[in-house]
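This briefing concerns the fold, helix packing and nonpolar cores of one protein model. Please read it alongside the sequence and the coordinates.

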Amino acid sequence: ISIGVRLFFAGDVPLLVSGYLGVITLFGIALWLYYGARREKLYLTALALASLAIAMGGNALIYPLLFRFLPFVSAFRFPEKFFFVTYALVLFMTMKGLKGLLLDRSTKLGMPAAILGTICLAWLCLYFYLRFNSEIVADFIAMQSSIPPISDIHAKATVSVLTNLQRQAILALALFFLLILFKTDKIRPLLFSTLLVAVVYVDLASAHRSFLFPLHPNRVYGDAPVVQTGETRLTRFFYYPSARDLHPAYFSVIGRPTFEQSVALSFQ
């Protein structure tokens, strides 16, 4: 859906810290689909898709049906929290897929190598296609964000997308050659483990760090507190939010009620 990609081009505060798991998850899930048992693949895929549909809330067709036939679902605020279930399932699939490849005693790597190579080829084709047709990325950013087109910010955003695609292709190739070298006994297990962790660390901590932390913490901690410590000895504090605050725990009153009326309204 288009609204889900706005996080990459806007500064809105997200409920989840990150929606990025790293390119290694593509390798792990693809290998899990090859090595996993049929019943396990059926059950886990159904659970992952169901949790993802619930996490999408009103953006998925299943949510209105849940509201109609399961009224208690409306008691759960912020359906995005169900994405944590999807996270857990995706991580489990990734680990099972990597485990299946590393513990495979067969010396034939035709199908696993083809699967991993297809992922690398897909990243390379996507990068080169958009690299030589950058107007597609530019038009997409202009439609899905508030960035003014034909501006310096718009140009930087377009270059940033292409740069991230290039990094994904390079990381995918690094993981591909690393796994193939290990399965062909070209490198020892200790070196392989070190390099594997290093590639994932570079992916998450350097190459795509902006995907993990879309909001700088200074925006949260930089503002001065509303009430300074020790400013008053009063034991009650009344807070009247502005009309812009649409949180369901608050309400706004039109007019200028007296202090007694305001207190009565708050208790009502």
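Contact here means heavy atoms within 4.5 Å. On that basis, among contacts between residues at least 6 apart in sequence, 73% join residues at least 24 apart. The model is predicted. The protein has eleven helices and zero strands, and 29% of its 268 residues count as buried.

**Packing of α2 against α4**

- Two packed helices are described by the angle between their axes and the distance between the axes.
- For helix α2 (residues 38-55) and helix α4 (residues 83-102), the axes cross at roughly 150° and come within 8 Å.
- Angles over 145 degrees count as roughly antiparallel, so α2 is roughly antiparallel to α4.
- The handedness of the crossing of α2 and α4 is left-handed.
- On the α2 side, the residues in contact are E40, L44, T45, L47, A48, S51, L52 and A55; they meet F83, V85, T86, L89, F92, M93 and K96 in α4.
- By class, this contact of α2 with α4 comprises ten nonpolar, three polar and two charged residues.

**Packing of α1 against α4**

- Helix α1 (residues 24-35) also packs on α4: their axes come within 7 Å and cross at roughly 65°.
- Angles of 65 to 115 degrees count as roughly perpendicular, and α1 and α4 are therefore roughly perpendicular to each other.
- The crossing in which α1 passes α4 is left-handed.
- From α1, the residues I24, T25, G28, I29, L31, W32 and Y35 meet V90, M93, T94, K96, G97, L98, G100 and L101 of α4.
- Nine nonpolar, five polar and one charged residues make up the contact of α1 with α4.

**Nonpolar cores**

- In soluble globular proteins, nonpolar side chains tend to be buried together.
- The largest nonpolar core has 34 residues, and V23, F27, L116, W123, L175 and F192 are those with the most contacts inside it.
- At least two residues of this core come from each of α1, α4, α5 (110-131), α6 (134-144), α7 (152-183) and α8 (189-207).
- α7 supplies the largest share of this core, with eleven residues.
- Residues up to four places away in sequence being left out, F192 touches L102, L178, L179, F182 and I187.
- A second, separate core has five residues, including L44, A48, L89 and M93.

**Loop residues with positive phi**

- Which loop holds I150? I150 lies in the loop between α6 and α7.
- I150 has a phi near 55°, a positive value in a residue other than glycine.
- Exposed means over 50% relative accessible area; I150, with a relative accessible area of 84%, is therefore exposed.
- D185 is found in the loop between α7 and α8, and its phi is near 60°, again a positive value in a residue other than glycine.
- The relative accessible area of D185 is 67%, so D185 is exposed.

Definitions and conventions. Residues are numbered from 1 along each chain as its sequence is written. This is a predicted model: local features need pLDDT of at least 70, side-chain atom pairs count only at pLDDT 80 or more; totals for chains, interfaces and linings use all residues. Side-chain values use heavy atoms; hydrogens and water are left out. Axes are lines fitted to C-alpha atoms, for helices over the stretch in contact, and angles run from 0 to 180 degrees between N-to-C directions. Helices (H or I, at least four residues) and strands (E, at least two) are DSSP runs, numbered from the N terminus. Angles under 35 degrees count as roughly parallel, over 145 as roughly antiparallel, 65 to 115 as roughly perpendicular and the rest as oblique. A crossing is left-handed if the near helix is turned anticlockwise from the far one by less than a right angle, and right-handed if clockwise. Ala, Val, Leu, Ile, Met, Phe, Trp, Tyr, Cys and Pro count as nonpolar, Asp, Glu, Lys and Arg as charged, and the others, Gly among them, as polar. A nonpolar core is a set of buried Ala, Val, Leu, Ile, Met, Phe, Trp, Tyr and Cys residues joined through side-chain atoms within 4.5 Å. Buried means under 20% relative accessible area, exposed over 50%, partly exposed in between (1.4 Å probe, protein chains only).
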